[in-house]
Amino acid sequence: MDIIVSTILYSMALVPVTLSIAFVLLLLKTFTGKSIQSSKYPPVRGTVFVQLVHFNQLYDYMTGLVRRSTTFRLLAPDQSEIFTADPRNVEHILKTDFEKYTKGKYDIDIMKDLFGEGIFVVNGEKWKKQRKVASFEFATSVLRDFSCCVFRKNAVKLVKIVEELSAASEGFDMQDILMRCTLDSIFKVGFGVELNCLEGSSKEGRAFMKAFDEASALTYWRYVDPTWALKRLLNIGSEARLRNNIKLIDNFVHQLIKIKRNQLAAWREPNDKEDILSRFLLECEKDPMNINEKYLRDIILNFIIAGKDTSANTLSWFLYMLCKHPLVQQKIVDEIRDVIGDQASEANPDEFVERITDPVLHRMHYLHATLTETLRLYPAVPLDGRCAEIDDVLPDGFHVKRGDNVNYLAYSMGRVHNIWGEDAEDFKPERWLKDGIFQNESPFKFVAFHAGPRICLGKDFAYRQMKIVSIALLRFFRFRLANETRPVTYKVMFTLHINNGLPLRAVPRLAK
Ligand code: HEM
């Protein structure tokens, strides 16, 4: 008995000793070999663990650091995490020295369980191959016309849902509705399948969306949880939940591939395929050794993550900005009326959306400027980066060691005076217009869509969807915040979610 008790006590004493040793080793690893004192390297502002302390306001904390020095470092056990808001450095890592900066092992290890070997995670030949097939698909007029059609149909569904909800006095979560809308759109355009998440008729669709959202939040959590690899090994806590969610996602996606394969077998004119997955399935027939079930699963998941949250988050921040700036909301409504003409008074949503054609979208300069201004201040991907494959020197003179990650802070870049002037923090769509015509900016300064050879493939697709949805919504409703005093902030994830959603009220707009 005594032996058992003393063994237990001994083991209990061992735990804190082991933890202390592990902690000291971690500190030693973090602080050694990083040339901390050398002014050749970016100034050190702490360790990566400060991100955990400031997790809920991470991007504003980073903006504060950027105001002290445009490029700085946080130390990690194996490398330095360099952060920059200098457009010259952004151009250097994303374009000029593209080959030297890749998706590094650190990011890939974190992302690969969920993203597999999809376009977001791969480098070199694997990336080139996926980029080639996908960019070909995105460039076709078939995809443009088909996507316009899908966005219009979903915009009508959205108007009808908001109409029902506008009767309720307590408001409704617009971000959740937009998420369901963009998920339905990417399923239809990407994979040719009706998910019906927006109308809520598909139980599997809802379960998939929940699993997907949880899995991406849990994957992001790995960036700040130093114990994630151990938890993954033991299959406990957040990692056990992540594994379960991924299992559900995989089952759903494999089912989808099966349906598509059957459809394709029954339907044999390859050039007529409208959706992106069909294009990849045809590639699969040409190269079955390399393009297998797992490859298709990864492609699907990467397109969902690319297409769903980014556009829905941007539309949510856009509506939030319009509630805060009613004059801007009114100017867009005026533009809808000016560009669409008398038909803007069309009271039937099905008939009204038919007027939203490609030429109409091209003439909506103020709307385009307002969406872009939203992305400047609330970039859907607020922080992104690459890993240095070799030692290098950035254009601002700071040195980088092989294995360091160089991250660009899109959120902070939208808020600094040396890029956008004294009014950087103000929401001003007019800054994008000259004589009423939208003017582009350098993609290294306005970096919301990334830049260089890996620039977002879905940029036009996203603008098309966001414009169609916002034209339909603003034609039929005036939006207000459900609670003016509730603070609105972001949730730290891969994309810039509004934390706890966006409760809105919608007042039906009468046709004039
Ligand atoms: C407001 C909407 C969007 C924003 C702000 C946005 C932004 C971005 C950013 C920052 C990246 C670079 C990510 C990285 O580091 O690898 C990216 C890549 C990508 N985006 Fe988008 N995106 C949007 C919508 C879309 C949509 C709707 C699609 C497709 C349907 C899409 C497809 C892609 C793809 C395929 C890539 C990977 C490109 C590559 O690595 O070669 N995006 N996007």
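## Overall build

The protein has 21 helices and 15 strands, where helices (H or I, at least four residues) and strands (E, at least two) are DSSP runs numbered from the N terminus. Keep in mind that this is a predicted model: local features need pLDDT of at least 70, side-chain atom pairs count only at pLDDT 80 or more, and totals for chains, interfaces and linings use all residues. Residue numbers start from 1 along each chain as its sequence is written.

On overall dimensions, the C-alpha atoms fill a box of roughly 85 × 60 × 50 Å along the principal axes. The radius of gyration is 24 Å, which agrees with the value near 24 Å for a compact globule of 512 residues; it is taken over C-alpha atoms, and the globule rule is 2.2 Å times the number of residues to the power 0.38. Of the 512 residues, 41% count as buried, meaning 20 or more other C-beta atoms within 10 Å of a residue's own, with C-beta atoms placed from the backbone.

## Helix α3 and its neighbours

Which residues of α3 are buried? In this helix (residues 58-68) they are Leu-58, Tyr-59, Met-62, Leu-65 and Val-66. Looking down the axis of α3, these buried residues fall within an arc of 115°, so they line one face of the helix; the arc is that of the directions from the helix axis to the C-beta atoms. As background, an α-helix has 3.6 residues a turn, so residues three or four places apart point the same way.

The buried residues of α3 pack against several elements, including β1 (44-47), β2 (71-75), β3 (80-84) and α19 (410-413). Contact here is C-beta atoms, placed from the backbone, within 7 Å.

## Strand pairing

β3 also pairs with β9 (residues 405-408): four bridges join these two strands, which run parallel, and Ile-82 has Val-406 as its bridge partner in β9. Pairing takes at least two DSSP bridges between two strands. β9 is joined to β6 (residues 384-388) by four bridges too, but these two run antiparallel, with Gly-385 opposite Asn-407.

Then there's β15 (residues 503-508), which runs antiparallel to β12 (residues 477-481) with five bridges. Phe-477 sits opposite Pro-508 there.

## Around the ligand

The ligand is surrounded by 24 residues, the closest being Ala-306, Gly-307, Thr-310, Cys-456 and Gly-458; the cut-off is a C-beta atom, placed from the backbone, within 6 Å. Elements giving two or more residues to this shell are α6 (124-139), α13 (293-307), α14 (309-324) and α21 (459-476).

Methods: A residue is buried if 20 or more other C-beta atoms lie within 10 Å of its own, exposed if 12 or fewer, and partly exposed in between; C-beta atoms are placed from the backbone. Two residues are in contact if their C-beta atoms, placed from the backbone, lie within 7 Å.
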